[in-house]
Amino acid sequence: MGKGYPYGKSGPKSMRWPGRNGQTALMTSRRNPSKRSPAAPKVEFEDTTPYDAYVRASTLATLQRTATDEPGEYMFLVCSQIMELYFNLIAFEWRTAQRFLREDDLSEALVALRRANDHFTALNASWISFRWMTPPDFNAFREALGEASGFQSFLYRHLEFLLGFKDPALLRPHKNVAGDHYAELLAAFEAPSLYDDVLRYLARQGYAIPAEVLDRELSASYAAHAGVEDAWVELYGATGRTDPLRQLAEALTDAAQQFSDWRYWHLMAVRRAMGAKGGTGGSAGLAWLERSLQRQAFPELWSARTRI
Ligand code: HEM
């Protein structure tokens, strides 16, 4: 019984009934309407529930078509789908941040960037579900995956393009795929990355971002520039912890770190489930993934730290 129960240990009998473990619970008092049970939710609906009409949970539940009867494959598929949803959500937040930066609304851009960072924390926590997977567990359904590999994830690639990692070879797997995915991916490939929009914003705030960075070829991978490093050094020197520009720098640093964290967790899941075998996508596996782990988003935000 909770400490706040107002009737002492025994209480009026009419107000109590035995619970599952012999405890008692409070019932509605007719004399005191304030003690009435809270209204119960509506339970009668036609065709579908308004919840399902909105969330489409019944459609979602049809999308887990495993290739084998291995129980572990179900988790592999569901967690892959969860991660894809998060990739899409984070890309949405970053595009929102870009839109606000273009409107010089730093406060709203920061809200979107912080939301994205929270989603990243949740996304990276999904890797915990993979810890159980030993090589025999993965081998039990690996063959059935055929050539399917996360390397072919267009939503992940979209995230990379937003971070400024661009390589035309990464568009190729999607070129002949039906639907709008290729067009969307190509548009993101040719558009400014989140970092491009940040640097343009800093230039409008009076920071000396070099013209060749502002006018750079947008479909090329972002390459570090000493002038941008100078700008970050200046910004950290000129701003306090609570300054919105400092917070912008830190929100971006968080995003870059969380993205690296995702890659690291992925690498460890791969190492744990299949060691150094080649990947289903045809790569060398671990060695190939280790190389991409070296690439750092927003490079000058990291190199500037040595000089600050
Ligand atoms: C234990 C589970 C996993 C294993 C063993 C694994 C294995 C691999 C391997 C070997 C590669 C290199 C490309 C290849 O040859 O296939 C790769 C790439 C990739 N995987 Fe996984 N993977 C796992 C889980 C996941 C999950 C859950 C996702 C989330 C959707 C994912 C997304 C990716 C992505 C996006 C790439 C490309 C990375 C890049 O381009 O840098 N993987 N994976």
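Helix 11 gives the most to the shell around the ligand: five residues. Helices here are DSSP runs of H or I, at least four residues long, numbered from the N terminus. A word on the model. It is predicted, so local features need pLDDT of at least 70 and side-chain atom pairs count only at pLDDT 80 or more, while totals for chains, interfaces and linings use all residues. Residues are numbered from 1 along each chain as its sequence is written.

Back to the ligand. It has 26 residues around it, and Ser149, Gly150, Gly279, Gly281 and Ser283 are the closest. To be near, a residue's C-beta atom, placed from the backbone, must lie within 6 Å of the molecule. Helix 3 (71-102), helix 11 (244-274) and helix 12 (286-293) each supply at least two shell residues.

Now Trp262. Its place is in helix 11. Is Trp262 buried or exposed? Trp262 counts as buried, because it has 21 C-beta neighbours inside 10 Å. The cut-offs: 20 or more is buried, 12 or fewer is exposed, and in between is partly exposed. Beyond its neighbours within four places in sequence, Trp262 is in contact with Leu123 and Asn124. Contact means C-beta atoms, placed from the backbone, within 7 Å.

Last, a helix pair. The axes of helix 3 and helix 4 (residues 106-125) come within 8 Å and cross at roughly 165°. Axes are lines fitted to C-alpha atoms over the stretch in contact, with angles from 0 to 180 degrees between N-to-C directions. Helix 3 and helix 4 are therefore roughly antiparallel, a label for angles over 145 degrees.

Key
Contact = placed C-beta atoms within 7 Å. Parallel < 35°, antiparallel > 145°, perpendicular 65-115°, else oblique.
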